[in-house]
Structures are given as C-alpha cells and as structure tokens.
Amino acid sequence: MSSSDNELSSGSPTAEDLLDRLRASGARVTAARRAVIQALVDGGPHPTAEDLAAKVVISHPDVHRSSVYRTLDALAEIGVVSHVHLGHGSAVYHLSDDDDLHLLCRLCGAVDHIPSTAMAAAARSIEQETGFAIRPGHYALSGLCERCK
C-alpha cells in the first residue's frame with residue numbers, strides 16, 4: 001500500500017483536532033503553536049522545520065523561526081508530530097497520526113510509504129535474536145524504487 005507523497009488524506013485530523021489534543025495534554029495553545037499546526041495541516045508532504053518556518057513567517061511575521069523549532073519539539077514531545085530522516089538532509093515532519101514508514105530511493109530520491117505494520121515481523125525477529133528493539137520509523141528505509149531497480 002503506497003500513498004506516494006500524499007501524507008494527508010481526507011481522514012486526516014484538522015488543525016482544530018490537533019489543537020484539542022494539545023489542550024487535552026495540558027499544553028498551552030499559543031499563536032506559534034497554532035500557526036505551526038496550521039502549516040502542517042495545510043502543507044505538502046515532508047516539510048522540513050525550515051520549510052514550516054518559512055510558511056509560518058508569511059502569515060505570522062511576529063512568530064520567530066526559533067519559536068517554530070521549539071514548537072515542533074513541543075508537539076513531538078506530546079505526540080502530535082513526528083519527524084523522520086530522509087537520507088542526509090534535514091529531518092522532515094508529519095502528523096503523528098500518519099505512522100507509515102518512509103521508503104527512500106537511493107538513486108532518484110523518490111519517497112514512498114508503507115504501513116508501519118509491514119516491518120513488525122522483522123522488528124520482532126531482530127529483537128528475539130539480538131535483544132535490540134528497533135524503531136524503524138525514525139529513519140527512512142533506503143533502497144531502489146520500482147523505476148530505478
């Protein structure tokens with residue numbers, strides 16, 4: 001199952017849903033947090049912190065870039081957003097409701113997605129053999145896409 005760079009589908013949470021999660025966690029809803037959440041909901045796939053900061057500054061020039069970075073850290077801490085490393089570049093962010101694993105083509109740079117359950121058996125096997133519990137969603141799985149192989 002592939003969603004090919006379409007991170008947010010019709011069943012995705014709204015900005016207000018995410019702000020409600022923020023409130024429920026006891027966190028404050030600030031202008032910066034509201035702006036970052038809106039940028040995540042409205043944005044395209046795989047934005048970096050810098051992409052989000054640039055977008056937020058357009059609509060909220062009073063929100064400093066450092067506030068965007070701190071907001072992303074706070075949102076990650078309470079589980080609203082997650083980040084993944086796609087190769088050697090900056091981490092990219094996505095809503096935590098999207099728990100797909102990222103596949104990165106080493107040749108053309110295409111990013112695709114698979115359900116996180118696709119790695120469950122391999123993760124269990126690695127843990128049984130080594131005692132090491134992997135966290136496969138933090139980094140993209142590298143390989144060759146169908147076009148490049």
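## Burial and overall extent

Of the 149 residues in the chain, 34% are buried, in what is a predicted model. The C-alpha trace spans about 50 × 35 × 30 Å along its principal axes, and the accessible surface of the chain amounts to about 8,700 Å², with carbon and sulfur atoms accounting for 52% of that area.

## Order of the elements

The chain contains five helices and five strands, and, read from the N terminus, these elements follow one another as α-α-α-α-β-β-β-β-α-β. Among the contacts in the chain with a separation of 6 or more, 53% are between residues 24 or more positions apart.

## Charged side chains

The chain carries 19 negative and 13 positive side chains. The centres of these two sets lie 4 Å apart.

## Cysteines

A disulfide is a covalent bond between the sulfur atoms of two cysteines. The structure holds zero disulfides, and Cys108 is accordingly in none, its nearest cysteine sulfur, that of Cys105, being 3.7 Å away. Because a disulfide is counted here when two cysteine sulfur atoms are within 2.5 Å, the 3.7 Å between the sulfur of Cys148 and the closest cysteine sulfur, in Cys145, is too far for a bond.

Methods:
Residues numbered from 1 in each chain as written. Predicted model: local features only at pLDDT ≥ 70, side-chain atom pairs only at ≥ 80, totals over all residues. Heavy atoms only, no water. Helix = DSSP H or I, 4+ residues; strand = E, 2+ residues; numbered from the N terminus. Buried < 20%, exposed > 50% of the residue type's maximum accessible area, 1.4 Å probe, protein only. Contact = heavy atoms within 4.5 Å. Areas by Shrake-Rupley, 256 points an atom, 1.4 Å probe, with all protein chains shown as cover. Lys, Arg positive; Asp, Glu negative; His and termini not counted. Charge placed at Lys NZ, Arg CZ, Asp CG, Glu CD.
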